Amino acid sequence: MVEYAELQISSNFSFLRGASFPEELIISAKAIGLSAAAITDRNTVAGIVRAHGAAKTHDMTYIPACRLDLVCGLSLLAYPTDKAAYARLTELLTIGNRRAEKGSCYLYLSDVTAFSEGIIFTLLPETVSGALHTELPLIKEQLNTDLYLAASYSYQGNDKRRIAWLAYTAAQAHVPLVATGNILFHAPERRQIADVINCIREHKTIEEAGYLLQQNAERFLKPAHEMERLFSDHPEALKNTMAIKEACNFSLDELRYNYPKEAVSKDITPQEHLENLVWSRIKERYENGKVPASIKKTLAHELAIVSRKNYAPYFLTVNDIVEYARTNKILCQGRGSAANSLICFALRITDVNPEQVDLLFERFISDARSEPPDIDVDFEHERREEVIQYIYKKYGRAHAGLTATLITYRARSAIREVGKVMGLSEDMIGALSGTVWGSYGKEIPDSQVEEAGFDPNDNRLRQTLNLAHEIIGFPRHLSQHVGGFVLTETPLHEIVPIQNAAMQDRTVIEWNKDDLDALEILKVDVLSLGMLTCIRKSFQMIQACHNKLYTLENIPTDDRPTYKMLHKADTIGVFQVESRAQMSMLPRLRPNVFYDLVVQVAIVRPGPIQGDMVHPYLRRRQGLEKRELPKRDPRFGSADELNEVLERTYGVPLFQEQAMRIAIVAAGFTPEEADQLRRSMASFRNQGTIHKFQEKFINGMTSRGYELDFAERCFKQIGGFADYGFPESHAAAFAMLAYASAWLKCHFPHVFACALLNSQPMGFYAPAQIVRDAREHGVKAREVDINISTWNNLLEPEPDNRWGWALRLGFRQIKGISEDNANTLTDNRLRPYTDVEDLHIRTRLPVAQIEKLAEADAFRSCGLDRRQALWQVRGLIDSPDLPLFSHADTKDKDVEPETELPTMPLSEHVVNDYQSMRLSLKAHPLSFLRPTLEHKGILRCADITNLKDGAKATVAGLVLVRQRPGSAKGVIFLTVEDETGVANVVVWKKVFENQRATVMSSRLLIIEGKLQHESGVTHLVANDLSDASTELLKLSDGLENDAEASLQLPAYRSGGHPRNVKDLIPRSRDFH
Amino acid sequence: MTLAEARAIHPVLHVAPSTPEADQQKLEDLTRWFIRYTPLVAVDGDDGILLDVTGCTHLFGGEEAMLDSIKTRLRDSGINSQISMAENRRMAWAFSHYIPGTITKNPTESQAILSNLTMAALQLDDGMQQMLFKLGLKKAGQLFDLPRASLMQRFRGKDSKKIEALITRMDQAEGRRDEPIIPFTLLPEWQVRMAFSEPLQLQEMVSTAIKELLLELTDLLAEADKGVMRLALYGFRVDGSVQKLMIGTNKPSRDQKHLMRLLEEKLPDLEAEFGFDLLLLSAEETTHLPPEQTSSAKAHAEHSITEFLDRIGARLGPSSVRKIKHRQSYIPEQAQTFTSLQTNELHWEEYPSTLPIRPIRLLLRPEAIHVMAEVPEGAPKRFRWRRVEHLVAKAEGPERIAPEWWINSEDPTRDYYQVEVKSGARLWLFRSGLYPIKGVRPSENRKQSTQPQWFMHGFFA
């Protein structure tokens, strides 16, 4: 029996060329009995970890390799024989990557020569431009290492003749011939995919692509006996594949990951250093340095594990980064499994006291589990870049790189690009991709195709949909991870190639998070979080205005007013618990202690919702149901084995860790299996394996004495977690920030609102709602003014106010004003500006920017209203900044005749405020329409909360938010607002279907419906909706002459109205 | 709004593609129809028609009656309309859009009505209109009251053009500046005409007249370095009807003889009946044609081929004479298509040098052959084609060509072989369908019983 190793395979990590996943290729190679396989992607090793993993699981011999496409056109397959050769290969690729822009690699034959030691090369003859028999000896001489010549069957009619000639030429040059399959896909059915992705790459339609397509489906993996038949004249070419296989002994498992030592001196090991630090710092956490004995014991235990696993340098690195942030006054907080350790608490990587939430380190890291610890650190979103550049500076680009993120096809992008290739019109593509709600759509059912107005039986359409479905999950390109850093002691490029990122000053490695996990390479996630910016700004303002120094650590814990505020769902702006779903949960869950907040943060997630865990938890919490822990039939063993896992949540699993623990404790999974289960559910491609796991899970639980129903619910919940994993360790860190922001909002609403506005864009609500909420809490807000405001929103003294301060809106609230221009304005404001011209002369701001200020009505302190200011601004001239013209600064222009402009009615001012700043302090637009609305019997939003449950009511409001959560089965949630408050509207699917147009496109809605009170939350369940958006037009036309205003509406469309309803009031925020 | 958005709102939306060119054509047709009311008609934008009815109204019984007549006629042909009449086109536009049915007869009255209309009635662009709106200037009349200089100062720089246009509009609206209607007729690029006091009835006479017209036209074209691509002859008959002949050329030409020959091919189609009193020869489409030396033999040869093509094109109809064009396809019989004579890009250079050579002649359809001695995955040893038995001496192959999956081809994959038979002929055979190989591919043919079939497809030189 002849043996054969396939040494030329392009996987789909040769982006938009190969048509099979590395895993598929390895598994097929194993299935057809090949002796070994090498994935040779073009100038990249991005796919080799996946192949390595698949090879390990399926016990296949795998050779890490790559294909080098040189600038001169030559292509070589490169097989490193040992670890040193592999390091040379990755360094070579790094050199090529760093020369080129993102996604390209420029290499020359001379580069290859310099790094060729220990690497076996195979030349692809079709890439040689000159005569092979003269070029081959030259290339061999230049490379000065083992060189083979590849021969593969092309099915173009002349194969026997061509291969004979190759064999002859190779023999002449003393270069051995090696047979390859030049593989593009694992099975012939993938030819269509190969064609389609080729077209995507070349931006061609399938009809135009012509000879770019595959002539036949032959480039699939073939078994040894078939290769033997094809190469019957050249048996040595098959033998040589085995020779290369034998020579290559390198496995990725050999990559010893070496963490930066973080050594302070030579005499002290990282472990000792860490221990010293921890023991000295933990004292600072306790009053008078009295560390409780239990803490000491746990700490010693944690340090022992860290020592055994050799993780000390990792903790030291995170500590160093956090230290840098702290000295530079950048607020940060760690989260993730290892972050909730006492070590991290001592090092101030986190301020969550692990004792307080009862999170045990061992639950995340133990001797048994091989998974590396995970610490994510969130930094202020405006200052994270400083931290990133610090890391590059400290470790150098040779030792630090950002993790890659693999961008893969999702339902929408797949339909879009395959549709284009298959020649569907833009319209059709748009309509089809529009039917996919959410990014991970499944196959589009026929009914949806019909709904979009197409015939699902149309052949071309069917083909398109099938192909699009097949390429979902295919890698498209590498991008940079938001902040995952890999740091190494020895040069990083000896482990993995580094490439340039699209962003300047960033370098990225070729592997993603999963690859790193698989090789047990540690990474530090340096993430950004808007709320941290907001909290830091709040602390600074409190210090400046109230002379009190607060930090995340010293804000009072268990503050009753704060929890009371949370009970009322008064949480606009509060981190994590401000969404409508969270708001409706708060009065039911009524958090009273910190751990309740941890639950609160985690419970409104697809995991617990899909697993149907929310209501049981609430019932148990409210005491409506017995807090029963799931028990198993005692005949099978200890009935209470899940107590430890589920006690804290009254027997209802809510966190990702709990679900995993159930798999381990109750279903008998090994930790590795549990993890595989989670991963396999995250990547929906492996639907086959999910089924296997489901069986194992449910059988595991029932055979160990649990009820089938409970087992099934647990499994469903893991499904939810897989997509939107929310672990307890993260929830705890988020709860900390939720508490801090709630406390700020409760006690310093003026500061909190100001900081929130100054940290935009972030969070769930627009500035208008933040300001409105602040005013409802007694904060005084003042208009933007050129003589008072700065770029940022400010607090200014206001003796009449409860807190003694008022919020002055800043220029950043005005659409279209740049920060630089705002600063120029404030820098030149040594004395007040007297009018528009004065401002123009002194600041030299572009007239267009001054016009924006006028449109924001910011000239009031000059005695000019919006319209007068605008008239003045329009009279300015943008004079070039030349010395010759500087005399022109003095006012010597002709005095122009006073022009009497009509006064702007208040309602129009409000509309203009909305246009310029998306908010108005003057009035709410609806207040002008109130008489008409009242006449129609429409209630105010604030009034309906007093009506009894089940009462009928009609309200009108501006649509703020439209939501159609995937988990809510077609129900639409609307938030509408009038001058008195907001109303939460629920539109059931049936009503929605009937009044789709009204729901989707109205700015001003009138809703008639039935009230529903539940635990302090009021919903209006819509029966009938009507669009009253055109009413808003009256605002800008001036209500006083209503009859005349209607005359102004054109009788015919092309006349158009100067203002479209849609420009009048900003669009709602829509979430799917 | 995109179609997808519109569909999200209203899923049963009826969608038809927009055809602005067809719309414009329709509007032009309709405009032409209005010549019954006045000779001065023009298309106004993409949805309006402008008529200068000065001095015409009395023919239709006065302004009101004329408006009614137009309205009724339009309604009868299924067209809704908004019509107004005023003493200049801007006023008429404003009234028809905002207060249709208005008829004004004197400037003061019009001015008063216009003053009360919205600013949009002045046909301003959106940006300008919004700015004026913000300044509280919402009615056209407010603008007339404003000092012009102040207004001009407010719209400087890139807006200056707009304000100029605005002032012009205002003047036009006030009737201060006259804006002429550019009447609507479709003028061909070049045309010559000849009128006859005695109507021409005989074909020879027509033919002589055409020759003279052609002489005149080609002189004009030569002066302008133009050649004709499409030429029309209009014969205006004494009974008021018009006859039309149209010829086209494959290359621009101003060769009288050639063009005459083409026209003569068609001349019998012309029906003179009571005779023509006017002949009009019009070059409907021309392109640049510099003067060229006619003596070079190659140019002459090319010339005569084109002229020949023009002539058989004119005789057989242009769609009957075609060229062969390369099409990028691996399927041999689909690698070429027919195309019109005018096409010069035949793309034969795109055939890649890396692909194997193709036979010099392909059979129109592959012909089934009977293979006697078959070798799996190899060329046959012996086969019969058209009742003649052939012994294969040499063979090379296979070249494997899979069907074009995107057209849902049901054809099996083909394996092509070049074979040389004992008699010396080199033939191109293929087997339709692949042999199943254990562990590599299952049988491609769904119906297991059908054996792979062999075909003869072409000849090599």
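This is a predicted model: local features need pLDDT of at least 70, side-chain atom pairs count only at pLDDT 80 or more; totals for chains, interfaces and linings use all residues.
Chain B is assigned four stretches as domains, from domain 1 (23-174) to domain 4 (361-459), and 52 of its residues take part in the contact with chain A.

**Domains of chain B**
- Domain 1 spans 23-174 and domain 2 spans 190-313.
- Taken over C-alpha atoms, the centres of domain 1 of chain B and domain 3 of chain B are 55 Å apart.

**Where chains A and B meet**
- Chain A brings 55 residues to the contact, and chain B brings 52 residues.
- On the chain B side, helices H1 (3-9), H4 (89-98), H6 (126-134) and H8 (148-154) each supply at least two residues, as do strands E11 (388-401) and E12 (414-421).
- E11(B) gives the most to this side, with 6 residues.
- Sorted by class, the side of chain B that touches chain A has 25 nonpolar, 18 polar and 9 charged residues.

**A helix pair in chain A**
- Helix H7 (residues 191-202) of chain A and helix H20 (residues 459-471) of chain A have axes that come within 11 Å and cross at roughly 85°.
- From H7(A), Gln192(A), Ile193(A), Val196(A) and Ile197(A) meet Leu467(A), Glu470(A) and Ile471(A) in H20(A).
- The residues of this helix contact divide into 5 nonpolar, 1 polar and 1 charged.

Terms used:
Residues are numbered from 1 along each chain as its sequence is written. Chains are lettered from A and ligands numbered from 1 in the order in which they are written. Domain bounds come from an automatic or database domain assignment. Two residues are in contact if their C-beta atoms, placed from the backbone, lie within 7 Å. Helices (H or I, at least four residues) and strands (E, at least two) are DSSP runs, numbered from the N terminus. Ala, Val, Leu, Ile, Met, Phe, Trp, Tyr, Cys and Pro count as nonpolar, Asp, Glu, Lys and Arg as charged, and the others, Gly among them, as polar. Axes are lines fitted to C-alpha atoms, for helices over the stretch in contact, and angles run from 0 to 180 degrees between N-to-C directions.
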